[in-house]
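Hi,

Here's the structure I said I'd pass on. Have a look at it first, and my notes follow below.

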Amino acid sequence: MSSDVEKEVRLLGISVSEGIAIGAPFLLSSVDEETPDFAISHGEVDAEIARYREAVFSSKEDLHRLQKDLEMEGSDEAMNFIETHIQMLDDPMMTVHMEGKIRERLRNTESVFQSVIHEYEHRFSERTDAFFQERLVDVMDISKRILGHLGKKEDVMLPPIPTGSIVFAEEISPSYTAAAQPAQIGAIVTNHGGGNSHAALIARSKGIPYIADVDLSRLKEIDVDQVIIDGYGGLVILNPLEETIREYQEKQSQLMTRYQKFLDNDHLESKTKDGEKIALCANVGTLRDLETFPYAHDGVGLFRTEYLFLETKEFYPSEDFQEKTYREAIEKMDGRNMVIRVFDLGGDKNPDLFLHTRREPNPILGFRGIRFLLKNQKLFTLQLRAIFKAAMHGKVSLLLPLISDIGELRESKRIIAGVQKELREEGFEVPDLPIGCMIEVPSAVMICDAIAEECDFLSLGTNDLVQYTLGVDRGNPAMSELYYPAHPSVIRMIKMIAIEAEKRGIPLTICGEIASNTLFTPLLIGLGLKEFSICTRYLPFIKETVRKWSVEEATEIAEQALKMTEPQAISDLLTKVQKRPL
Amino acid sequence: MIVRLLQNCHSHVSFTYKEETVNAKSIMSILMLAAGKNAQIAVSVEGDDAKEILEGLEKIFDEREIEV
């Protein structure tokens, strides 16, 4: 490092994920490593192909693992791109075609693979439209993963990086970002990539500052030993001056203070200015989520049980194992309620489980949720038995996913009652459990009066509801502009459900992304919601927002929104009131 | 879309664009053609369920120009 550097260098890029970071630079080289290239004999072909298959298999395993982690973090966008990658690994091009090439060319897997990928790259580089460019990023990403596995490197995802580094790269792969630990990576700066890239979405969901579109050539001209990343202004400051560092340390500590304030305010109740209690519950997917809970909460509003047992290959966790797991979770609740959602399995979520069944042309509209359980009653009753037995140790409610018809509720209730009776006959003093329905399909919204009549509580799942209502696949990047959680149709549906729940005096919880978004908090309170179930790290933000509003003010906003016909108008309204509470 | 339609069919289906022919059951191969909007491609289907497949493909092409 040259000590005579007196001036700091400021580079401007596009901020794609907010935040501030100060740290040492780490250049992530994107130079292709030497790929081994040698001839093989006919006799070695089968072994070579087996090695290739194994690498593809391990790559798929990586992706499934990542997908699971990401789902727990609530990062659905990221999960969808990983699904695309998994599909690519199943593509004939990656399987039959590659294996044929190894046989034909009689060279080692790496070199054959590399040439197939290069051909791909060559073709795609002829086309400049975003669609092909994004696909190329995907192809390169999976090819790196496969090559990594072929090389039997210890860690395919991440080279060792000093903690707190600011990572500079030409371009960063979505899976790299997905595997990144916020504690390890202070920030990301790239030459390419944009706000809608998968990598950006993931960085945002993980809270890693990310600036794209930065000219990295300057980095090669000067020695850099410290960098400041201002993810609010899209600013990269190389070798910052003392005073700049102080300025940013100050900003950073303000941000830290905010977190500290959250912790200090943890004892405050989640009440509106005019004293209305808004219950804030947590969405959890693992026992670990319960342990690392920094903030006070009003119970668990959504316990997604399907993730607990994905480790078990066959996905037929035994009754005892399930009971033990649920009991452990329930005992951590200190008497607060835990809403356990029965397995929400489906071809879209757990493709491995469904290898034996026919692949569905449209899994989102397919065999999932309660439909799956009613057809797999052995799995369903086993889980119910475990939940009932565990429920003897705390307060539990049962939640049924993807109810779209009253018949499904009745059939489920019949099965639940049967399990309860059976257990009592066996001598277990199992309690009565409140039974609730997820309202996440428009058909359920339209008959929610009837559903509310026959169950004990409702849980509004907005993620699926928005996608089914608007007919927009939220995982499809081409559709992202049409995915409006603030669509008038959705807002009106929420109002409908709130009215029906209130009429029958049953609790209604809202889960789904909008419940965790402070922008929506006043609107949702105004629509009559009194219980939110949210991703735990958003809990303090939501509480802070709840405390800023009165029910009256919130109702006024909801009334305005209910009159609006354009999604943009509602978004604008929410943005406006967010900055300046009425 | 195309690949989804073809996943469960028995016929051999291929697309030809600029003298190159690929297996239409492979999304990656189709992408490899790098055929953009309004590109003219030749479709060939051989097999028992050829007729239905052609009809299905026609529908997809009509509805969504040429998106895979």
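How many bridges join strand S4 of chain A to S5(A), and do the two run parallel or antiparallel? There are three bridges between S4(A) (residues 25–27) and S5(A), and the strands run parallel. One pairing to click on is A:Pro25, which sits opposite A:Ile166 of S5(A). Bear in mind throughout that this is a predicted model.

S5(A) also pairs with strand S6 (residues 185–190) of chain A, again in parallel, through five bridges. There, A:Ala169 has A:Thr190 of S6(A) as its bridge partner.

As for burial, S5(A) (residues 165–169) is mostly covered, with five of its five residues buried. In a regular strand, side chains alternate between the two faces of the sheet. Here both faces are covered: A:Ser165, A:Val167 and A:Ala169 are buried on one side, and A:Ile166 and A:Phe168 on the other.

Next, a helix pair. H13(A) (residues 377–390) and H14(A) (residues 406–425) pack at about 55°, their axes 10 Å apart. Residues making the contact include A:Phe380, A:Leu384 and A:Phe388 from H13(A), and A:Ile415, A:Val419 and A:Leu423 from H14(A). By type, the contact residues are seven nonpolar, three polar and two charged.

Finally, the chain contact: chain B gives twelve residues and chain A gives 15. On the chain B side, H2(B) (27–32) supplies the largest share, five residues. That side divides into five nonpolar, five polar and two charged residues.

Cheers

Key. Residues are numbered from 1 along each chain as its sequence is written. Chains are lettered from A and ligands numbered from 1 in the order in which they are written. This is a predicted model: local features need pLDDT of at least 70, side-chain atom pairs count only at pLDDT 80 or more; totals for chains, interfaces and linings use all residues. Axes are lines fitted to C-alpha atoms, for helices over the stretch in contact, and angles run from 0 to 180 degrees between N-to-C directions. Helices (H or I, at least four residues) and strands (E, at least two) are DSSP runs, numbered from the N terminus. Two residues are in contact if their C-beta atoms, placed from the backbone, lie within 7 Å. Ala, Val, Leu, Ile, Met, Phe, Trp, Tyr, Cys and Pro count as nonpolar, Asp, Glu, Lys and Arg as charged, and the others, Gly among them, as polar. A residue is buried if 20 or more other C-beta atoms lie within 10 Å of its own, exposed if 12 or fewer, and partly exposed in between; C-beta atoms are placed from the backbone. Two strands pair if DSSP finds at least two bridges between them.
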